[in-house]
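Visitor: Could you walk me through this structure, please, with the cut-offs spelled out as we go?

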Amino acid sequence: MSCWFSSIVVWFILVIIIITTTCNNLVESKCAFEAIFNFGDSNSDTGGFNAAFPSQGPPYGMTYFKRPTGRASDGRVIVDFLAQGLGLPYLSPYLQSIGSDFRHGANFATSASTVLMPQTSLFVSGVSPFYLGIQLQQFKLFKTKIDEFQSKGNTNLPPSDIFGKSLYTFYIGQNDFTGELGSKGIGGVKEYLPQVVSQIASTIKEIYGLGGRTFLVLNLAPIGCYPAFLVKLPHESSDIDEYGCLISYNNAVVDYNNMLKDALAQTRKDLSDANVIYVDTHAVLLELFQHPTSHGLKYGNKACCGQGGGSYNFNQEVYCGNTKEINGQTLSATACEDPYNYVSWDGIHATEAANKITANVILNEASIFDPPFSLHKFCDIQTVG
C-alpha cells in the first residue's frame, strides 16, 4: 500500500512540475502586441484579393500550404513570419468571409493595391480598387463593428481595447512606383511620389487618432533587380550593374525611400508618443539579389516560376501558372522544383525563402530600423520555421 501511495505522490509532483513549466513558458512568450493590422499590396496580401476576385491557381502556395491561398508566393509572405515571430496566428484577410479569425488582427492588403486612388478600373489595367484609402475605411469600419459586437460575445473578434495594443504594418507603394514606369519613365513617376509618401503619413496619423501607437513602414524593394522589370522596362546595356540590376531604376527607388524616410521622421515629430518606424527591407532584398549564395540561395535575378528560361526565366506574355498560345506555340509558365534556391518567385514577388530571411532580419536586427528599434523589447521573439 505504501509503495502504491508513494507512486501516486511522485506522479502528482511530476504533473505539478509540468504544469508549472508550461505556465512559465507561456508567461515568457508573452508579447506587448496582441494583434497585427496590416495594410499593403501583393507583397503582404494573405488572400484578400483572391477572396474578392477568385483567380489564383497552382503553382502558387506549392511550398508551405501545398495549395493556392491568395499569397503571391510559393509559400508565406513577410507578414506571416512576423506574426509567427510575435507568437500570433497568421492574419486572416479582412475580405475573407469564411474561416476568418480576427482575434489577433486583420489584413487589409490586396494584390495590385496602390497608395493613391487608381485612375482606372481593375478590369482595364488590373489595378486593385482597394487602394490605401479604402483599406483605411475598412479598418475604421472594422473598429466600429468590434465596438458594436463586443457585448454579443463573438469569439472570432478581438476585445475593443485591442487597437492600442497592436502593431500596425505597411508594405505598399510598389504599384504606385512601377505602374506607369514604362509609359511615363522615371521622371514622370517622380512627379507624384510626394503624394504617395504624404498619403502614407496621413494614414498613420488617422490610425493614431483611433488608438494606434506602433507603426512599421516597410520601404520599397530594389525593383531594378526583379526579373519582370529587367525584361519589361526600357534600358540600355550600360544601365546594368555588376549584379545584373538596373542602375537608374534602383537609384529612383532609393530617392523614393529617402523621401518616405523623411516623411516618417516628420510624422514622428508630430506624434511624439508613438513609434513611427521606417523599415529598410530594401537593404535586405538588395543584399539577397546581389549575393544570393551568401544566404543559402542560388539565383538572384532569375524567376523560379516563369517561361523562357535564360537569365531571367520571365515572359511578360505568359505569367506564372498560365498557359497561352503565341504564334502557334503553346507556352506554359511553370515553377521550378527548388524555389528555396531563388530570391524571385514569379519575376515580381519574392519566394518564401527570401521572405523568411527578410522577416528574420526585421524580428532580430535593430539596425534595419530608423530610428533604432527592437521588437525584442516588446516581445519574446519566437523562432520562425
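What follows is a set of questions and answers on helix packing, salt bridges and local backbone features.

Visitor: Before we start, what kind of model is this, and how are residues numbered?
Guide: This is a predicted model, in which local features need pLDDT of at least 70 and side-chain atom pairs count only at pLDDT 80 or more, while totals for chains, interfaces and linings use all residues. Side-chain values use heavy atoms, with hydrogens and water left out, and residues are numbered from 1 along each chain as its sequence is written.

Visitor: Happy with that. At roughly what angle do the axes of helix 8 and helix 10 cross?
Guide: Helices here are DSSP runs (H or I, at least four residues), as are strands (E, at least two), numbered from the N terminus. Axes are lines fitted to C-alpha atoms, for helices over the stretch in contact, and angles run from 0 to 180 degrees between N-to-C directions. For helix 8 (residues 193-209) and helix 10 (residues 247-270), the axes come within 9 Å and cross at roughly 30°. That makes helix 8 roughly parallel to helix 10 (under 35 degrees is roughly parallel, over 145 roughly antiparallel, 65 to 115 roughly perpendicular, the rest oblique), with the angle being roughly 30°.

Visitor: How many nonpolar residues does the contact of helix 8 with helix 10 have?
Guide: Contact means heavy atoms within 4.5 Å, and on the helix 8 side the residues include Val 197, Ile 200 and Ile 204, while Met 259, Leu 260 and Leu 264 are among those in helix 10. Ala, Val, Leu, Ile, Met, Phe, Trp, Tyr, Cys and Pro count as nonpolar, Asp, Glu, Lys and Arg as charged, and the others, Gly among them, as polar. The contact of helix 8 with helix 10 has one polar residue, two charged ones and, for the class you asked about, 12 nonpolar.

Visitor: Are helix 11 and helix 12 parallel or oblique to each other?
Guide: Helix 11 (residues 281-290) packs against helix 12 with the axes 10 Å apart, at an angle of about 140°. Helix 11 and helix 12 are therefore oblique.

Visitor: How many salt bridges turn up in the whole structure?
Guide: A salt bridge is a side-chain nitrogen of Lys or Arg within 4 Å of a carboxyl oxygen of Asp or Glu. With that criterion, a search of the whole structure gives 12.

Visitor: How many residues apart in sequence are the parts tied together by Glu 352 and Arg 76?
Guide: The side chains of Glu 352 and Arg 76 meet in a salt bridge of 3.0 Å, N to O. Arg 76 lies in the loop between helix 2 (48-52) and helix 3 (78-85) and Glu 352 in helix 12 (residues 352-364), so the pair ties together parts whose separation in sequence is 276 residues.

Visitor: Is Glu 352 buried or exposed?
Guide: Buried means under 20% relative accessible area, exposed over 50%, and partly exposed in between (1.4 Å probe, protein chains only). Arg 76, the partner in the salt bridge, is buried at 3%. At 9% relative accessibility, Glu 352 counts as buried.

Visitor: Which helix holds Asp 255, the partner of Lys 190?
Guide: Lys 190 and Asp 255 form a salt bridge of 2.8 Å, N to O. The pair links distant parts of the chain, 65 residues apart: Lys 190 is in helix 7 (residues 181-190), and Asp 255 is in helix 10.

Visitor: How far apart in space are Leu 86 and His 376?
Guide: Leu 86 sits in the loop between helix 3 and strand 2 (105-107), and is buried with a relative accessible area of 2%. Leu 86 is 290 residues from His 376 in sequence, yet the C-alpha to C-alpha distance is 9.4 Å.

Visitor: What is omega for the peptide bond joining Asp 370 and Pro 371?
Guide: Pro 371 lies in the segment after strand 10 (369-370). The bond joining Asp 370 and Pro 371 is cis, and omega is about -5°.

Visitor: Is Asn 327 buried or exposed?
Guide: Asn 327 is found in the loop between strand 7 (323-326) and strand 8 (329-332). Phi of Asn 327 is near 55°, a positive value in a residue other than glycine. With a relative accessible area of 79%, Asn 327 is exposed.
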